[in-house]
Amino acid sequence: MHIHLIRQRMRALGAKPEHEQRVLRDWLQARPYDHGRRRPQDFLPKSLRDALPALDDDLRAMARLIATHPTEDGSARLLVGLVDGQTVESVLLPRNGLCVSSQVGCAVGCQFCMTGRDGLLRQLSSGEILAQVALARSQRAVSKVVFMGMGEPAHNLDNVMDAIELLGTEGNIAHKNLVFSTVGDLRVFERLPQGTVKPALALSLHTTKPALREKLLPRAPKLTPQELVERGEHYGRSTAYPVQYQWTLLEGINDGDDELEGIVDLLKGKYAVLNMIPYNTIPDLQFKRPSWDRARAIARWLHQHGVLTKLRDSAAQEVDGGCGQLRARANAMRSP
Ligand code: SF4
């Protein structure tokens, strides 16, 4: 269900804008509705109050918890069921973060990612994206939402932007703690600056070599790494949030000295953080994870050469190719 349809339904029951806000806020913050015992303007019309249990059921039904898999770093992957039987993954991250999915499957087809293997199956509605936050908050606090789960948010831009807008208002999440992650799409650089809620931006870089990037991210827009960084820099400076560049470290592919020098040329002096994520080996894919010592040496060298680099070992981020494995496993168990 799209968020505008939920609003329409409430309006048809006599809700005023402040009533809609009230119901949406309680949903997104996973608070039971308290029947308007606070301010007089919070009292809901009787027709809406009577319809609330059914509305509440429908909101909750958009994202059901099917399974939880804790990971070693204190995160937990959630397998989330949608009303049509499809599934996506959300990930509870350390420090009250949440990684949400924006699509079932993905059309970009990154070579190191499970989600991209079957292509795009369908878009998530704005309600389904938001329902992942409400579901996670029913488990524990969430103060940061990153759009790095299954799917390419730029390919579902209207719904993702609607979700971001509501999370930055009724969802009570600081705008800099909403992170839009993309392989780079020109529409993103046009739309994000126009939103009333402007999220932080994460850009999947993975290599400084245009030809290798086309190979690794075969259906990403044909922007060169240089063009991507120029556009990112412009957005980062205008919002005053540094851009996060994502780099999945693949042994023998993008961990050589030539790449490191390329990174310094591209990112030194930029308003940027480089997130280096050693690849999580997946049995079906041919890529390998470099040793932790090598990854640490790379991060140290980049730091010494003027690039703010964070080495991450999160099983949670889509860019490590980990996202999508839980769903793939669940589907495999269902197939004969
Ligand atoms: Fe899509 Fe992200 Fe996977 Fe690439 S890494 S195929 S953009 S989900």
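Trainee: Which residue in E9 does Thr 182 stand opposite?

Mentor: In general, strands of a sheet pair through backbone hydrogen bonds, either parallel or antiparallel. Here Thr 182 stands opposite Leu 203 in E9, and E8 and E9 pair in the parallel sense over four bridges. Two strands are said to pair if DSSP finds at least two bridges between them, while the strands (E, at least two residues) and helices (H or I, at least four) are themselves DSSP runs, numbered from the N terminus. Please keep in mind that this is a predicted model, in which local features need pLDDT of at least 70 and side-chain atom pairs count only at pLDDT 80 or more, whereas totals for chains, interfaces and linings use all residues. Residues are numbered from 1 along each chain as its sequence is written.

Trainee: Through which helix does the chain cross from E8 to E9?

Mentor: A crossover is called right-handed if, with the strands pointing away from the viewer, the path from the first strand over the helix to the second runs clockwise. The chain passes from E8 through helix H6 (residues 186–191) to E9, and this β-α-β crossover is right-handed.

Trainee: Is strand E8 mostly covered or uncovered?

Mentor: To judge this we count neighbours: a residue is buried if 20 or more other C-beta atoms lie within 10 Å of its own, exposed if 12 or fewer, and partly exposed in between, with the C-beta atoms placed from the backbone. Strand E8 (residues 178–182) is mostly covered, since five of its five residues are buried. Leu 178, Phe 180 and Thr 182 are buried on one side, and Val 179 and Ser 181 are buried on the other. For the protein chain of 336 residues, 43% count as buried.

Trainee: In what order do the strands of the open sheet follow one another?

Mentor: The open sheet has 10 strands in the order E1-E2-E3-E4-E7-E8-E9-E10-E11-E12, and its pairing is mixed. Its edge strands, each pairing on one side only, are E1 (64–70) and E12 (309–311). Within the sheet, E4 (residues 97–99) and E7 (residues 144–147) pair in the parallel sense over three bridges, and Gly 97 stands opposite Lys 144 in E7.

Trainee: How many bridges join E10 to E11?

Mentor: Seven bridges join these two strands, which run parallel, and Tyr 245 stands opposite Leu 274 in E11. E10, helix H9 (residues 257–267) and E11 make a right-handed β-α-β unit. Leu 274 also stands opposite Thr 309 in E12, and from E11 the chain crosses through helix H10 (residues 292–304) to E12, again in a right-handed β-α-β crossover. Strand E11 is mostly covered, with five of its seven residues buried.

Trainee: Which residues are closest to the ligand?

Mentor: A residue is near a molecule if its C-beta atom, placed from the backbone, lies within 6 Å of it. Here 13 residues surround the ligand, and the closest are Cys 106, Val 108, Cys 110, Cys 113 and Gly 116. The shell divides into seven nonpolar, four polar and two charged residues, where Ala, Val, Leu, Ile, Met, Phe, Trp, Tyr, Cys and Pro count as nonpolar, Asp, Glu, Lys and Arg as charged, and the others, Gly among them, as polar.
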